[in-house]
Each structure stands twice: as C-alpha cells, then as structure tokens.
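Let's take a friendly walk through this model, from a helix and some rings to a set of strands and a pocket. Keep the structure open beside you as you read.

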Amino acid sequence: MPTHAPRTTHRTAAKLAPLLLQWFATNARDLPWRRTRDPYAIWVSEIMLQQTQVKTVIPYWERWMRKLPTIEALAKARAAKIHKLWEGLGYYTRVRNLQRAAQQIVAQQSACRRRGDEAQTKIGNQQSAARIRSETPHVVAYKFPENFDDILALPGIGRYTAGAISSIAFNQPRPIVDGNVIRVLTRVFGIATDPREKKTNALLWQLAEKLVTEAARLNSSRSSRRESAHASKSAIANRQPAATVREHGGSAIDQSLLTSAATSIGFCSALNQSLMELGALICTPRSPQCDVCPIKKLCIAQKNNLQEQLPNIAKREAATARRFIAFIVGRDGEYLVRQRPAGVVNAHLWEFPNIEATTERQKSAVPFQIISARPLCTIKHSITRYRITLEAWNATLDEASPQISGRWLNLAQLRKLAFTSAHKRVLARL
C-alpha cells in the first residue's frame, strides 16, 4: 500500500474531479448556507461547523443570520448578544473571534474610506467635493475580503477556513483539508501514514490542491466551450465551415458537466464541497457505503479492503473523568449566578456557583455557608477529552453567610443570559 502520492496523481485527479462534480450536482444536501454566495453567511457557517454537526448548526445559523445579517451588525453587537446566539454550540472562542474579525474588517474599510475622502478633498475644489458627497446617498456596506491572504489574516481563520471561504464564496482554486477530506483522500490514494504527521499532512494538501486545480481547468474549459458555442452560432449565420468551431468541443463527460447543477456555483466551489459531502455521507468513519460511492473504481482502500484501517490515525489519550457540584441557591424567586472570567474555558458565560470535587471530603468546600441541600439533577457531558459529571443541588443559604459575589436574578432574567451547556440544562430543570 503506497504511503506517498502515486506518480499518476495528475491522471487520477483528472478522473476524480468530474466524477465528484457530477455526484455532488445530484446528491448535495439542501443546506441553507448553500443557497447563498454571500461570503459573510458562508464564513459564519464555516466557523459554526468547526467541531459541530450540520444538523446542530442549521437552526443556529438561521437565527444568527436573522439577528446579525451583516458584517456591520456583528461588529456592533453587544458581547452578551453574540454569546446568547452562540449558546450551546460550545468552543466560545470562535464567536469572540468572529466579532473581532468583523470589527477588523469594519475598521480597515472605514480607514480606507476616510483616506479616500481626504484625497478627494485635496485634489479638487473643497466646495465641489462637498457638493458631490452631499448628492451621493450615504450607503455603508462593508465587504468580506476576497483575497486569500487577507482572509487568512482575520482572527480565528486558519488555512482550511480561508480556503473554504475562498473556494465556496468566490470559486477560487484553493484547497481544503478537514476530517472528511482526510478520510476520502487517504482511502482513495491508499495513504497509510498518520495524516497528522507533518509530511503526510503536506501531501494531503498537495492532493487537495491538484483536485481543485483540475476543477478550475474544467471551469476554464466550460468557459471556452461557451465561447465556442457562440462562435458556432456566428459561423452558421455567416455560413462558415463548421470545422473551424468544432475543434473546441469537449469529451462526453465534460459535456455532461455543462448541464450539471454545479455550474451555477462554479467548479472550484462544487469540488471542495463534494469532497466534504462525500466524507460526510458516503465515505464515513465506520461502515462506508462503498457500493454507491462515485469514485470507488479509483479507490485503493476499496480495492484492498482497507476502508476500516484508513485513515491511520493514532489513538487519542484516554478520556479523563471530572466531577463538579453546583449549588442552586434560591431567595425570593431569584437565583444566585456568576459570570465566568476571561481567559478560562467558557469565558464570559454564566453558571451557578460550583466546585470541582475530587474527593468526597471536598463536598464541604462550598464557597458559602448553607444549612441544607437536596439533589436536583445530574448532568453528564463532554468537553474535548474530559467526561464531566455535574451534580446540581438545591441549597438553602445560611443568612449569616458573608457577602457573596454574583448576581441574584429571576427565571425570566436568567433565560436571557448565555449559560454554559451543562448549566443551561440545570436551568431548564428549574
């Protein structure tokens, strides 16, 4: 089984690209962010989809686009609002980086506009320039950058996300490599080394680039055929020999692409999405559906029955169990909550007072004095490699307790705050 790119990579890419485009044209899921070419909407979807399943993201994305439909709206939104919209998606650094990036775009483009106004005033008569500006409607529209390096420079955007936005929104021939793409490429090309190793990872990016470059070539060929078709009509009208235009005709499979739904979004966009879609729907981690795979005849893993062995990812370290105890302290219809500080996991989100319990003795290490407690519920969830158990207790506060940090809020007020996932489930029990 090869551990490096086969010498026939170019030929294989030339065969794979049209097959993937055809399959995607008729099998792509109807996802809301696929109904738009707005780079802002696509950017938001890509950030939400990191570490999160599509079915989970859909309602979040739809609500986000209703509440914050533009870059400017996101840049100006209150931190509490963006956290509430993101509540339950986890990895909250993502949403803070989203806003930082939006604010960076607004700041940079506003600065460019100011410099343009100043230049206009210096060039001509000041009164004339002022008159021109007053006659022009004041429309502020901040655009998401098209240049790959400018996208990559935004907070929270790495090579994959920059490539995804560039290709999906702008149909640029930029490669993408995520978990789904890794699975497809390692199986198709029979790559046995760990994809997280530096050399193997670089190889996967090279293969992804060859495929999207081939898609760009097909896209270019399609444009040439359109010009050829136009020339053919002119030739017929002018009664010129048909042979002068027939030479530009493509192969049978290329011709079928002309009627493909992929043509409406561009081949680079469709190719990259097809790789991700194939990994999500067909080339799954376990029990892949090889019988309906459009590229099974080109797949080394399928030929050698290696689907379950590839990709060859080293086993992760064992999960670590952690146990927390939360105290639900009520008083006159209000409950005590606190906001997590910056720089920690789930920063800026809200929670009930809690402690981590590593021994039974630490149950008494409560941050305030209580006179009684009874169990409310137990919540189990995971964060990265941690398997967490949260025990929530209804607690009665000792009036003699010293001043407690936090806020006392009623249920209606609590529901407006962005809670951590586990504590939101506790809130639902109240």
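## A helix and the residue after it

Just after helix α9, N171 takes a positive phi of about 55 degrees. Before going further, please note that this is a predicted model, in which local features need pLDDT of at least 70, side-chain atom pairs count only at pLDDT 80 or more, and totals for chains, interfaces and linings use all residues. Residues are numbered from 1 along each chain as its sequence is written, and side-chain values use heavy atoms, with hydrogens and water left out. Helices (H or I, at least four residues) and strands (E, at least two) are DSSP runs, numbered from the N terminus.

Helix α9 itself covers residues 159–170. The expected span of a helix is 1.5 Å times one less than its number of residues; for the twelve residues here that gives 16 Å, which agrees with the 16 Å between the end C-alpha atoms. Is this helix enclosed or open? Ten of its twelve residues are buried, so α9 is largely enclosed by the rest of the structure. Buried means under 20% relative accessible area, with exposed over 50% and partly exposed in between (1.4 Å probe, protein chains only). Among the buried residues of α9 are Y160, G163, I165 and I168.

## Rings and charges

Rings of Phe, Tyr and Trp (its six-membered ring) pair if their centres lie within 6.5 Å; planes under 30 degrees apart count as stacked, over 60 as edge-to-face and the rest as tilted. By this rule the model has five aromatic pairs. One of them joins Y40 and W43, whose ring centres are 6.0 Å apart with planes at 65 degrees, so the pair is edge-to-face. These two residues are three apart in helix α2 (residues 39–49), and are therefore separated by about one helical turn. Both Y40 and W43 are buried.

W43 also pairs with F144: their ring centres are 5.1 Å apart and their planes lie at 45 degrees, so this pair is tilted. Because W43 lies in α2 and F144 in the loop between α7 (126–135) and α8 (148–152), the pair ties together parts that are 101 residues apart in sequence. F144 is buried, as is W43.

A charge sits over a ring if NZ of Lys or CZ of Arg is within 6 Å of the ring centre and within 35 degrees of the ring normal. The charged end of R113 sits over the ring of Y142, 4.7 Å from its centre. R331 lies over the face of W408, at 3.8 Å from the ring centre.

## The partners of strand β1

Two strands pair if DSSP finds at least two bridges between them. Strand β1 (residues 320–331) runs parallel to β6 (residues 386–397), joined by ten bridges, and R322 stands opposite I388 in β6. With β4 (residues 354–356), β1 pairs in the antiparallel sense over three bridges; here I325 has I355 as its bridge partner.

β1 also pairs with β2 (residues 334–339), antiparallel and over two bridges. R331 stands opposite E334 in β2. The two strands form a hairpin with two residues between them, and D332 in the turn has a positive phi of about 55 degrees.

## The largest pocket

A pocket is found on a 1 Å grid over the protein atoms alone, as an open set of points where a 1.4 Å probe fits, with protein on both sides within 12 Å along at least five of seven lines; lining residues have an atom within 4 Å of a point. Grid points are joined across faces, edges and corners, and a volume is the space filled by probe spheres set on the points.

The largest pocket has a volume of about 1,600 Å³. Its lining counts 44 residues, of which L49, D178, G179, N180 and R183 lie nearest the centre. Helices α2, α3 (54–67), α9, α10 (179–188) and α14 (267–281) each supply at least two residues of this lining.
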